[in-house]
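Subject: Structure handover

Hello,

Here is the structure I promised to pass on. Please open it first, then read my notes below.

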Amino acid sequence: MTAAVAAAAHLDDCHLCPFHCGAARAAAAGVCRVGRTSYIASEMLHMGEEELLRPAHAIFFSGCTATCSFCTAARFAFRPTYGVAVTPAQLAARVLQRQAEGARSLCFIGGDPAPHIPFILATLAELGARRTVPAVFNSNFYLTDVALDLLTGAIDIYLPDLKFGPATGPASCGEAIGGMPDYWNVVTGCIQRVHAAGGRLVVRHLLMPGHLECCTRPVLTWLAALSGVAVSLLTQYQAPAHARGSLAAALAPDEIAAAEELAAALKLTLVK
Ligand code: SF4
Ligand SMILES: [Zn+2]
């Protein structure tokens, strides 16, 4: 059985993320509310990604497994039927077009791409050897081992977002802000697994106002112990109108400076 065929089973009985929605997926009644059809909010040649990826052919899928309270992509992240539904063959044709236009990477983004793994693998199978740029999985990495197994061999570069710190329980940042129970164990476990298997990783960390001690410090300290991992510090936090508490503020220059000093002290390999 090919990975694309194995992945398709999750359209009826989904275990691609730790919510394990099972058969609810087929009725679009899982936590992410992504059904059997993948909707694409937008796709473009994108200059905002890290230097090694750009220009990236960025494909933004609708729907997400997280519910971050400060999401700036809520328009499509929390509306899984936003945008257009295309077939893997149609998306493959667009990928080839973007490749011809100069794309240096093919980035699957969201929302989150996890619910769309069946569609992504079908698209990559359709492309076959016609794809000449690396396939990138840019995700919150709130994944199951099954999902990681499906991606192995299909994805060339993993771009996890390690956002929240190690606290657990309903009041932890990962659960209270991101809506992901057991966030730290799941996401660091997935990163560790890819790292141990020799996968190529660039780990992103978004600096959030007021989260230096609970999130940024433990995240960067943990990453420093993972040899050879490139880290991308994202400093462009923008509070959406619906943000509350410290997350409604702007990121202060001294918070950015403190994070950069910490990254330097930890000798992290930073990429821009
Ligand atoms: S990807 Fe969506 S449907 Fe599948 S287990 Fe996660 S939340 Fe549920
Ligand atoms: Zn925090």
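The notes below go from the overall fold to single residues.

Please keep in mind that this is a predicted model.

**Overall fold**

The chain holds 9 helices and 9 strands. Its radius of gyration is 18 Å, close to the 19 Å that the globule rule gives for 272 residues, so the chain is as compact as a globular protein of that length. The C-alpha trace spans about 50 × 40 × 35 Å along its principal axes. Of the 272 residues, 43% count as buried. Take the contacts with a separation of 6 or more: residues 24 or more positions apart account for 70% of them.

**The core**

The largest nonpolar core has 81 residues. Those with the most contacts inside it are C107, I117, V136, L143 and A147. Helix 4 (residues 117-127) gives the most to this core, with 7 residues. V136 is worth a click. Leaving out residues up to four places away in sequence, V136 touches L53, S105, L106, C107, F108, D156, I157 and L159.

**Helix 8**

Helix 8 covers residues 212-224. Which of its residues are buried? They are C215, T216, V219, L220 and L223. These residues lie on the same side of helix 8, because they cover an arc of only 100° around the axis. An α-helix has 3.6 residues a turn, so residues three or four places apart point the same way. The buried residues of helix 8 pack against helix 6 (173-176), strand 7 (200-206), strand 8 (230-234) and helix 9 (253-265).

**Ligand 1**

How many residues surround ligand 1? There are 15, and the closest are C14, C17, C21, G30 and C32. By class, the shell has 10 nonpolar, 4 polar and 1 charged residues.

**T65**

T65 sits in the loop between strand 2 (56-61) and helix 2 (74-77). Is T65 buried or exposed? T65 is buried, because 27 other C-beta atoms lie within 10 Å; the cut-off for buried is 20 or more. Not counting residues up to four places away in sequence, T65 touches C17, F19, V31, C32, D112, A114, P115, N140 and Y142. Two of these, C17 and C32, are also among the residues closest to ligand 1. T65 and P113 are 48 residues apart in sequence, but 8.9 Å apart in space, C-alpha to C-alpha.

**Backbone details**

Look at the cis peptide bonds too.

- R54 and P55 are joined by a cis peptide bond, with omega about -5°. P55 is in the loop between strand 1 (39-46) and strand 2.
- G110 and G111 are joined by a cis peptide bond, with omega about 20°. G111 is in the loop between strand 4 (105-109) and helix 4.

Then check phi at these residues.

- R33 is not a glycine, yet its phi is positive, about 60°. R33 is found in the loop between helix 1 (3-8) and strand 1. R33 counts as partly exposed, because it has 19 C-beta neighbours inside 10 Å.
- F141 is not a glycine either, and its phi is positive, about 65°. F141 lies in the loop between strand 5 (135-139) and helix 5 (145-151). F141 counts as buried, because it has 29 C-beta neighbours inside 10 Å.

Over to you.

Best wishes

Key
Residues numbered from 1 in each chain as written. Chains lettered and ligands numbered in written order. Predicted model: local features only at pLDDT ≥ 70, side-chain atom pairs only at ≥ 80, totals over all residues. Near = placed C-beta within 6 Å. Nonpolar A, V, L, I, M, F, W, Y, C, P; charged D, E, K, R; others polar. Buried ≥ 20, exposed ≤ 12 C-beta atoms within 10 Å, placed from the backbone. Helix = DSSP H or I, 4+ residues; strand = E, 2+ residues; numbered from the N terminus. Arc of directions from axis to C-beta. Contact = placed C-beta atoms within 7 Å. Core = buried A, V, L, I, M, F, W, Y, C linked by C-beta atoms within 7 Å. Rg over C-alpha atoms; globule rule 2.2 N^0.38 Å.
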